[in-house]
Amino acid sequence: MNRISLLGRVCSCSSGFKRTRFCFRLLAALSVVVSCCAVSAQETTGRVHAVIINGGMNKLMNHERYWNDCAFLYRTLREDLHFSKQDITLLMSDGGEPGRDMLLADGSGFATSPADIDGDGERDVWLPATLAQVDASLTELAARLTSNDRLFLFMIDHGDFDNRVQQSYAWMWGSGRLYPTHLAQLLDAFHVESISLCLGLCHSGGFIEELRHENRVIATSCAENEQSWACTDSPYDEFVFHWICAVAGHDPEGNDVSADTDDDGYVSMAEAFDYAYQHDRREETPQYSSMPTTLGESWWLLQTQKNGIKERKIENGMSAPRKYYDLQGRIIPVSSGIHGKTIKKLNAKQSFLHSPIIIIKP
């Protein structure tokens with residue numbers, strides 16, 4: 001029964017002034033109740049749901065560092081960024097089964113990857129990272145999340161390139177292949193406010209063309225024709241290690257990391273990419289895409305905020321200083337007196353492979 005029909009029934013019983021006045025008081029009371037319910041419902045939306053995928057392929061290829069990357073990110077989401085367990089979907093190799101599914105970092109043999117990721121004594125991993133489960137989990141999430149919500153997807157895995165179809169792909173558990181065209185179809189079913197992705201696998205840059213879409217931010221560990229590498233001094237993967245350090249504000253040992261370059265108290269997806277790109281020490285070229293170009297600067301992982309999209313800082317009625325980026329999302333150091341001719345010269349010096357266009361963003 002809607003508010004109007006309810007009022008009609010109440011007023012139809014009234015013939016006098018007192019009863020009419022009672023109707024309006026009742027309507028006012030109902031309006032307050034409805035308004036309160038609307039506010040309460042609004043407060044439960046606008047959240048970020050994180051999906052963490054470790055495909056692993058099989059126990060011979062499922063490196064211990066993959067689990068370490070996911071565990072570092074999971075603890076960051078839970079402890080530093082205040083995500084509830086219900087806001088995180090974990091798809092990890094064999095799904096936390098007791099069998100030995102993980103190759104130890106020292107190469108000494110195999111182990112069972114822990115299903116308790118944050119060390120609280122409770123099992124966190126229930127779902128395997130098979131192609132079928134990835135399909136099922138993302139399809140279920142697409143039906144559940146609202147237009148006020150946001151999606152964050154992190155994937156660490158082995159990647160390869162299929163010359164037959166000219167596409168990169170990620171190896172899922174059990175040797176299923178997740179192609180970018182397939183992932184794009186799954187993501188297109190989401191009607192959310194925006195989506196951010198961080199992909200750490202060989203040939204991951206090849207996912208960008210298919211996944212590029214309005215209201216999406218994408219960071220990958222390497223270009224389409226490159227391999228992605230592990231850290232040489234710790235059991236993590238190079239690019240995603242620095243990326244997670246950036247959003248966490250510290251490394252796994254608790255040492256402070258400063259990636260908040262605009263000092264606004266939040267690390268945006270653009271700032272996380274910039275930090276990881278600048279600190280990446282291996283032979284890989286991290287890639288970045290943001291549509292619109294300013295989205296990555298205003299998107300951050302934080303559940304305590306109302307919606308996680310920050311407004312650009314305005315000081316004394318002036319917008320923040322402009323930054324100069326290439327198409328890879330890398331900041332280009334340029335003097336404040338830059339003009340059109342200088343941009344042309346800079347473009348002329350860049351090869352086609354490294355994006356011969358400078359994007360100017362406020």
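Six strands form an open sheet whose order is 2-1-5-9-10-11 and whose pairing is mixed, where two strands count as paired if DSSP finds at least two bridges between them. Helices (H or I, at least four residues) and strands (E, at least two) are DSSP runs, numbered from the N terminus. This is a predicted model, in which local features need pLDDT of at least 70 and side-chain atom pairs count only at pLDDT 80 or more, while totals for chains, interfaces and linings use all residues. Residues are numbered from 1 along each chain as its sequence is written, and side-chain values use heavy atoms, with hydrogens and water left out.

- Strand 5 and strand 9 (residues 194-200) run parallel and are joined by seven bridges; Ile156 stands opposite Gly200 in strand 9.
- Helix 3 (residues 64-80) packs on the sheet, where it touches strand 1, strand 2 and strand 5, and its direction makes about 165° with that of strand 1; axes are lines fitted to C-alpha atoms, for helices over the stretch in contact, and angles run from 0 to 180 degrees between N-to-C directions.

- Three strands form an open sheet in the order 6-7-8 with antiparallel pairing, and its edge strands, strand 6 (159-162) and strand 8 (177-178), each pair on one side only.
- Four bridges pair strand 6 with strand 7 (residues 167-171) in the antiparallel sense, and Asp160 stands opposite Tyr169 in strand 7.

**Helix 4**

- The buried residues of helix 4 are Gln133, Val134, Ser137, Leu138, Leu141 and Ala142 (buried means under 20% relative accessible area, exposed over 50%, partly exposed in between, with a 1.4 Å probe and protein chains only).
- These residues cover an arc of only 165° around the axis, which puts them on the same side of helix 4, the arc being that of the directions from the helix axis to the C-beta atoms.
- Ala132 and Ala143, on the other side of helix 4, are exposed.
- The buried residues of helix 4 pack against strand 1 (48-54), strand 2 (88-92), strand 5 (150-156) and helix 5 (180-188), with contact meaning heavy atoms within 4.5 Å.

**The chain as a whole**

- The protein chain holds 10 helices and 15 strands, and buried residues make up 49% of its 362 residues.
- Among contacts in the protein chain with a separation of 6 or more, 67% are between residues 24 or more positions apart.
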